[in-house]
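Here are my notes for your read-through. Keep the structure open beside them and check each point as you go.

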Amino acid sequence: AAGPRAGVATDVVLQFGEGKDADDVMHAHSAVLRVASPVIDAMFEAGMQEKQLMKIPINAEVASKKEFEEFYELLLPFGPWDFQLGAANIKHMFRISDYFQVERLRCKCVEYLRSASAAVDLLVFAHKHGLKDVYARMLGQVSSVTKDELAPAKDSPEVALDIAAALSSKLGGLQTHVDELRNNTKQSPPYCSFEDKLKRLENKVKTFLERVPDARARK
């Protein structure tokens, strides 16, 4: 939670979810938010609804109340001196700083991701947010992945295919199977729903991964 004086002289309310009770709202200083974020500053400068009501809705896809509190504490004078980015906060810190264009924090998040160890969930995250250099570097680090480790890519077929391609280039002899995955995905019957196509792709990638140990044994 924010520091002991974080609620002093606040003049704006942040709404999370439906904002119907105390657990869904957070009191903040509009000046602090405006200085940090050109997005929030523009909301107030343009006389939008946020300025008239002094309320700012925060989409759940951007941050939860707890996540935003951690971010907001960084903006306050004499904020946390021991703050560090890590696996527990890198995703929401990037999402918040990216959405609200807090460039200094966003740059630190990208710097962290550029040196982070490759993981499927981070590959999905980098792909979703257009971090191409982070994505390419992590793909180059992938040397093995189990079916369970692939789970975060269930709804990201492009990432699953890129992981398969990265593994095939290192293990050798499996490029044909990767090409089959791509071709079969493109040639799915037009009457198939998107969910059906995802399920088919998931099954094909699982089959591919089952062949990986055999390829290792032959090397």
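1. Which residues line the largest pocket? This is a predicted model. In it, the lining is made up of V32, V35, A36, L74, L75, F83, V102, R104, L105 and K108.

2. The lining counts 8 nonpolar and 2 charged residues, with no polar ones.

3. Now follow α6 to its contact with α5. Helix α5 covers residues 90-99, and helix α6 covers residues 103-115. Their axes are 8 Å apart, at an angle of about 140°. The crossing is left-handed.

4. Look at who meets whom there. From α5 come I90, M93, F94, S97 and D98. From α6 come L105, R106, C109, V110, Y112 and L113. By class, this contact has 8 nonpolar, 1 polar and 2 charged residues. Note L105: this α6 residue meets α5, and L105 also lines the largest pocket.

5. Turn to the sheet. It is open, with 3 strands in the order β2-β1-β3, and its pairing is mixed. The edge strands, β2 (25-28) and β3 (55-58), each pair on one side only. On average, neighbouring strands are turned by 25° against each other, direction ignored.

6. Zoom in on one pair. Strand β1 (residues 12-16) runs antiparallel to β2, and 4 bridges join them. Find Q15: V25 in β2 stands opposite.

7. α4 lies across β1, β2 and β3. Against β2, α4 runs at about 15°.

Terms used. Residues numbered from 1 in each chain as written. Predicted model: local features only at pLDDT ≥ 70, side-chain atom pairs only at ≥ 80, totals over all residues. Heavy atoms only, no water. Axes fitted to C-alpha atoms, helices over the stretch in contact; angles between N-to-C directions. Helix = DSSP H or I, 4+ residues; strand = E, 2+ residues; numbered from the N terminus. Left-handed = near helix turned anticlockwise from the far one by under 90°. Contact = heavy atoms within 4.5 Å. Nonpolar A, V, L, I, M, F, W, Y, C, P; charged D, E, K, R; others polar. 1 Å grid on protein atoms, 1.4 Å probe; cavity = no way out; pocket = protein on both sides within 12 Å on 5 of 7 lines; lining within 4 Å. Pairing = 2+ DSSP bridges.
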